[in-house]
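Visitor: Please take a close look at one part of this structure and walk me through it.

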Amino acid sequence: MSALRDAQAGFLAAILGRDPAHTARWPHRRLAVYRSNTRENFAAALEAAFPLLHGLMGHDEFRAMAWAYQRACPSRSGNLFYCGAGLGDFLAAHLAGTPDAPLADISRFEWLIQQVLVAPDESARFDFGKLATLPEAGHGSLCFRLHPATRLYSSALPLFVLWSEYQRRGKLAGMPPTASKTRDDLLIRRSGDGVELHRLEPGEFRFLEALLRGECLQRAIEQAAAPGDTSLNHGEVLARWVSAGVITGLIS
Amino acid sequence: MATASASMTGAAHPIPACAGIGLRAPHHREFLERQPGIPWVEVHSENFFAEGGRQIDVLDAVRRNYGISLHGVGLSIGSTDALSGQHLKSLKRLVDRIQPALVSEHLSWSSVGDVFSNDLLPMPHTGEALTHFSTRVSQVQDFLQRQILIENVSSYLRFPEDSVTEWQFLAELARRSGCGILLDVNNVYVSAQNHGYDADAYIAALPIALIQEIHLAGHTAVDDDDGRLLIDTHDAPVADPVWDLYRRTIARTGPLPTLIEWDSQLPALDRLVAEARHADAIAGVPHVRVA
């Protein structure tokens with residue numbers, strides 16, 4: 001190891017509090033500035049990316065959680081945007097079996113929102129002319145491309161209500177009741193400055209989920225069907241999401 | 001959704017030798033609506049690494065009427081870890097799209113073993129570190145196919161291994177790598193106070209011709225039994241001693257592109273513009289309106 005790497009490794013170990021011997025090398029008060037910056041920058045990035053989680057936990061508890069997460073899963077990128085990628089798994093592991101376990105679900109939902117916000121643009125619109133040239137008998141084998149800024153998420157939590165309340169009031173009163181027997185099957189898409197959520201019927205959700213996985217139309221129809229449920233009109237679903245710009249083309 | 005490349009949106013605006021402001025997300029909407037009468041802005045590169053969405057649309061819109069400087073905070077050039085290929089590619093994509101007048105990074109590092117502090121940590125000022133940093137700056141410039149500027153950071157600690165001063169390190173880095181210098185006058189002041197050296201001597205030692213941009217920002221003083229420590233917080237107006245140091249710097253260098261940086265506890269947009277105009281008044285340059 002070079003002298004430069006030795007020096008940097010020792011300094012970072014001191015900042016992260018990983019080695020008392022390295023920590024003792026530096027004046028405490030001055031080292032504390034770097035420690036504080038490292039913790040605050042990380043926590044602030046999480047706070048910006050997880051507003052629902054922050055609102056539900058409260059500022060102090062959120063900060064304590066952020067630092068515990070940072071100790072377990074330190075940043076692996078110079079771009080702090082990515083520091084939230086593992087938060088869902090971290091919370092799932094640490095909150096399992098506790099009353100706060102649903103927070104893992106919320107963090108996964110919010111991370112999908114972050115992905116939607118930064119996903120590539122897609123200006124292409126669905127080419128109906130191309131579809132018309134394809135023999136109808138082969139439509140079952142068609143695969144559809146969804147807009148890159150589209151995600152699907154299913155949760156037992158009332159995420160739609162929670163998100164809507166936060167958008168309306170800029171804060172949260174608390175976790176809404178979760179006694180509902182139905183799941184929140186959500187489509188998340190980019191819109192204007194932010195994202196918009198659509199609550200889907202279960203069959204529609206399974207259908208779009210299969211298309212998003214790259215399944216062909218026939219397979220998606222099969223996977224969307226619940227036993228005994230023939231109510232899903234796949235043609236209508238396709239037309240609605242093509243019209244909305246969510247389904248943007250065919251995968252050739 | 002706009003996806004126009006830079007070549008589709010026209011040539012990039014130059015940055016004149018007068019003051020601009022750091023443009024941060026809370027001001028995006030107001031900035032585009034009001035089009036404040038300043039000629040250029042600086043943004044943090046990493047905030048625009050997204051491949052699509054609102055943020056990059058904003059920057060496309062701003063660049064139509066303003067000069068742009070891209071200022072990176074996450075490349076960790078001085079680290080002994082390998083440079084991040086992903087980070088470099090994202091930066092190159094942004095540079096190609098925006099065609100900024102200036103691209104800059106810091107005289108710092110932030111990772112070991114791919115664990116990041118995400119802070120601007122000071123370099124040891126040694127011969128080995130200088131060789132390492134110079135090589136890395138050259139790699140970045142080769143990759144981007146353009147010159148970058150390197151900014152001095154505020155520091156609170158110095159490495160016992162230091163064998164040269166920071167200003168000697170920075171000047172030699174610029175000479176070896178061909179990079180320009182982004183002189184943060186507030187950082188010079190903060191570090192000089194914290195380490196007990198002469199801020200004017202620091203600036204006097206730098207090759208004037210290589211200084212291409214100046215930063216000004218606010219700092220915070222913390223007093224306790226161990227004395228006064230200045231912290232580079234970017235959450236306050238530029239302090240009077242820093243304005244004085246800026247005045248003496250400009251007297252030496254002549255007017256330069258000068259940025260008002262304010263990142264925390266952001267004031268109203270008008271306040272930032274007023275600080276920029278104050279910088280112009282000190283430099284004796286006429287206020288330049290946006291085209």
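Guide: E9(B) and strand E12 (residues 258-261) of chain B pair in the parallel sense over four bridges. Two strands count as paired if DSSP finds at least two bridges between them. This is a predicted model, in which local features need pLDDT of at least 70, side-chain atom pairs count only at pLDDT 80 or more, and totals for chains, interfaces and linings use all residues. Residues are numbered from 1 along each chain as its sequence is written, while chains are lettered from A and ligands numbered from 1 in the order in which they are written. Helices (H or I, at least four residues) and strands (E, at least two) are DSSP runs, numbered from the N terminus.

Strand E9 (residues 211-217) is mostly covered, with seven of its seven residues buried. Buried needs 20 or more other C-beta atoms within 10 Å of a residue's own, exposed 12 or fewer, and partly exposed lies in between, with C-beta atoms placed from the backbone.

Now the helices. The axes of H5(B) and helix H6 (residues 166-177) of chain B come within 9 Å and cross at roughly 45°. That makes H5(B) oblique to H6(B). Angles under 35 degrees count as roughly parallel, over 145 as roughly antiparallel, 65 to 115 as roughly perpendicular and the rest as oblique. Axes are lines fitted to C-alpha atoms, for helices over the stretch in contact, and angles run from 0 to 180 degrees between N-to-C directions. Residues in contact have C-beta atoms, placed from the backbone, within 7 Å. On H5(B), those meeting H6(B) include B:Leu130 and B:Phe133. On H6(B), B:Phe169 and B:Leu173 are among them.

H5 (127-144) also gives two or more residues to the side of chain B that touches chain A. In that interface, 38 residues of chain B are in contact with 36 residues of chain A. The largest share of the chain B side, six residues, comes from E6(B).

B:Asn118, in strand E6 of chain B, has a positive phi of about 55° although it is not a glycine. B:Asn118 counts as buried because it has 25 C-beta neighbours inside 10 Å. B:Gln145 is not a glycine either, yet has a positive phi of about 60°. B:Gln145 sits in the loop between H5 and strand E7 (149-151) of chain B. With 9 C-beta neighbours inside 10 Å, B:Gln145 counts as exposed.

Technical notes. Contact = placed C-beta atoms within 7 Å.
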